[in-house]
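Please examine the sequence and the three-dimensional model shown below.

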Amino acid sequence: MTEAVTTAGAGRKKRLSRTVVYGLYGLAVGLVIPVAGWMVDHYFLFGRLPAQVSLQLLTEIHRVTPIHYFIDSIPVILAVLAMLVGRKQEQVVYYSENLETLVDERTRELNEAKSQQDQILGSVDVGLFLLHGDMSISEQMSAMTPDLVPGIDTPDVQLDDLLAELVQEDRRKTIKQFLALLFRANLNDTTVDNLNPLKELVLSRDGGERYLRLDFYRRRVEGEIQQVLVTITDFTEQVTLNRAVEESERRSRASSRLVNLVLDVDPTMMADFLDSADEEFSSIMSMLQGAGNEPGPEIIADLFQAIHSIKGNAGLLGIEMIEMVGHATEDRLSELRGRTHLDALDLLPTIMGLRDLVNSVKRVKRIVESISVYYETFSASTRTNAELLCDFLEQSVQQVAHRMDRSLVVEVADGKDLPDIPDEYRKIIKDAITQMVRNAASHGIEPEDVRAQLGKPPEGQIHMAFDVDGSELAISIGDDGSGIPMDALRRKAVTTGRESEDKIASWSESQLINLIFEDDFSTTESADTMSGRGVGLGLVRTKIQNLGGRIDVHTRDGVGTTFRLVLPASGTLTKGPRL
Amino acid sequence: MPVPDTLRVLIVDDSDLMRYTIEQALRTSNLPRVDVVATARDGREALGAYREHLPDIVFSDLEMPGMNGLDFIEALVTEFPDARVVVVSGSFNESMRMEAITRGALVIADKKSVNRHKLGKLIEAIYD
């Protein structure tokens with residue numbers, strides 16, 4: 001407060017003025033006494049004497065009775081006293097004013113702190129409150145607290161009673177004991193923390209389980225513990241996540257065991273096993289279908305035989321998983337043995353068991369397939385680019401045939417004597433193959449009935465050939481379809497507003513064919529899933545041109561279309577791209 | 001309160017080996033001087049030894065024949081509220097540990113981890 005007094009300039013100014021005013025008042029009042037005395041003396045005692053004598057007498061009186069000196073100095077004394085009073089009063093006023101400001105400031109600070117505290121308590125996503133030695137809970141707590149522990153915001157609630165209601169009976173005593181230990185000052189924090197039984201508190205809520213963790217921070221004041229800050233965190237998500245991770249680890253361990261197992265089995269034996277299992281399954285299916293609503297006892301024997309055979313073979317190969325499932329299915333089936341009357345429902349448990357058995361055989365099959373794909377991919381790396389491209393063509397054609405429900409066959413010319421193809425061409429040739437196979441299937445090759453009428457074989461032919469002519473490498477990809485329809489190209493060119501009808505009539509075939517490389521030009525109206533995707537013929541041609549090559553198109557009405565990709569034989573690494 | 005220059009210790013355990021282990025761990029720890037003033041094999045014996053020697057610190061097992069550790073701690077703290085008891089036990093569950101501390105022990109140490117570093121730190125923590 002002293003600091004506030006000495007530094008406040010405005011207050012000092014006010015105090016000086018009040019001191020002066022009080023001084024002047026004092027002086028004025030003080031002057032009244034000697035002046036009045038002199039006037040009384042002058043008029044009533046020495047009134048008739050000349051002024052000079054009167055003054056002499058005055059001097060004489062002062063000499064005889066010196067108290068007059070004192071009376072004369074009364075104005076000065078009063079002025080000084082009044083000044084002191086003024087000054088004092090000024091100080092009092094100043095202090096009281098300052099006090100108000102200080103109180104205001106302090107109140108504002110406190111309010112700020114309070115609102116900050118409220119803000120913190122409202123926004124933290126943990127439970128937060130103070131616990132007192134009598135187990136009562138501070139009124140102030142974070143907004144999250146009652147969400148985590150319902151009922152904690154009830155007035156006068158005791159934490160030990162509240163928690164006791166939430167846990168199993170056998171834990172209640174431990175928790176109560178622990179909460180009491182929190183306030184024992186001679187125990188150190190580590191000891192207390194080690195004993196904390198509330199690091200994992202499982203609450204059943206909303207049909208699920210919530211995992212809470214309570215931590216306790218003991219606040220010592222002069223060695224004693226009066227309050228404990230309690231935080232509550234919800235780590236349910238973490239627990240759920242951990243469980244999911246464990247589950248997936250468990251599964252992948254099971255899978256890897258199965259993979260090891262499959263790798264240990266002789267491949268031919270595995271293939272035999274899978275084939276015979278398939279056979280048994282299909283015979284089981286026909287048995288069940290034939291059985292109808294009243295299966296006879298003979299079907300039980302047959303089913304048993306089939307399942308037993310699968311189980312036995314699996315056991316032979318050491319595939320325990322299948323063996324176990326087979327065994328369980330056998331058990332279900334044997335319950336039906338010896339019964340004279342059966343209905344379809346009796347077989348239900350067996351059918352469920354069979355489904356498990358089929359699924360476990362499928363799992364083994366999937367693993368075998370993944371392993372072989374893996375193996376093929378790696379062993380394929382020793383193959384030449386031309387061989388890889390032939391495989392790729394084969395795959396693409398199969399894929400397209402499957403998706404578009406077309407019968408297509410592949411024919412690769414010069415299969416024995418394939419040229420070297422530079423690595424950097426591989427990608428673009430693959431793109432070209434994809435595009436051209438799609439084109440052939442969606443535009444070129446006619447539907448089966450049309451082909452039959454034309455005397456063509458029912459399967460559409462897709463052929464690929466490589467040839468090297470001096471410095472040029474050519475890859476021809478073609479079909480035996482209807483050829484590029486020139487009339488349709490003309491019509492399209494007119495309807496898309498590219499050219500006038502008169503002008504287009506004079507265009508050569510090669511000019512018309514050029515249109516198919518334009519990105520937005522397609523003779524099929526509906527871009528179905530197959531022909532609509534891919535990089536597009538235009539882009540393929542641009543890339544080929546960038547590599548210093550070209551695409552020639554040969555088409556004959558009703559006979560087929562062949563695209564011939566011509567590229568520099570030595571690759572771009574020696575020649576450099578022609579842009 | 002600092003650790004006294006000479007720490008006077010009472011060790012209570014029915015196993016000779018354990019008493020020896022604790023004593024060796026204390027002697028080789030970084031504490032200035034350790035004086036094992038008495039040892040006892042059960043609670044009753046230990047109570048007598050405490051009254052006689054008034055040691056600075058007691059190391060006690062929980063499971064002992066006769067008067068067990070929990071009863072010993074309770075009796076000791078009732079008679080000497082300032083007694084410092086460290087429980088050294090091999091088999092205890094959560095409620096047993098809680099019970100020991102509730103009855104007046106200050107710290108619980110695992111029998112398997114009794115070594116000079118651990119006991120030294122533990123005692124420093126008690127006197128901190």
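In this predicted model, helix H12 of chain A buries A:Ile322, A:Val325, A:Gly326, A:Thr329 and A:Leu333. Viewed down the axis of H12(A), these buried residues fall within an arc of 100°, so they line one face of the helix. The face turned away from that buried side carries the exposed residues A:Asp331 and A:Ser334. H12(A) itself covers residues 320-334, 15 residues in total, and its first and last C-alpha atoms are 21 Å apart, close to the 21 Å expected at 1.5 Å a residue.

Attention may now turn to the nonpolar cores. The largest of them has 53 residues, and the members that touch the most others are B:Val85, B:Val86 and B:Ala105. Strand E1 of chain B, residues 6-12, supplies the largest share of this core, namely five residues. Beyond its neighbours within four places in sequence, B:Val86 is in contact with B:Ile57, B:Phe59, B:Leu106, B:Val107, B:Ala109 and B:Leu122. Another core, of 36 residues, lies apart from the largest one and includes A:Ala386, A:Ala440, A:Phe466 and A:Ala493.

There remains the contact between the two chains, where 11 residues of chain B meet 13 residues of chain A. On the chain B side, helix H4 (94-102) and strand E5 (107-110) are the elements that each give two or more residues. H4(B) provides the largest share of that side, six residues. By class, the side of chain B that touches chain A comprises six nonpolar, two polar and three charged residues.

How values were computed. Residues are numbered from 1 along each chain as its sequence is written. Chains are lettered from A and ligands numbered from 1 in the order in which they are written. This is a predicted model: local features need pLDDT of at least 70, side-chain atom pairs count only at pLDDT 80 or more; totals for chains, interfaces and linings use all residues. A nonpolar core is a set of buried Ala, Val, Leu, Ile, Met, Phe, Trp, Tyr and Cys residues joined through C-beta atoms within 7 Å. A residue is buried if 20 or more other C-beta atoms lie within 10 Å of its own, exposed if 12 or fewer, and partly exposed in between; C-beta atoms are placed from the backbone. Helices (H or I, at least four residues) and strands (E, at least two) are DSSP runs, numbered from the N terminus. Two residues are in contact if their C-beta atoms, placed from the backbone, lie within 7 Å. Ala, Val, Leu, Ile, Met, Phe, Trp, Tyr, Cys and Pro count as nonpolar, Asp, Glu, Lys and Arg as charged, and the others, Gly among them, as polar. The expected span of a helix is 1.5 Å times one less than its number of residues. The arc is that of the directions from the helix axis to the C-beta atoms.
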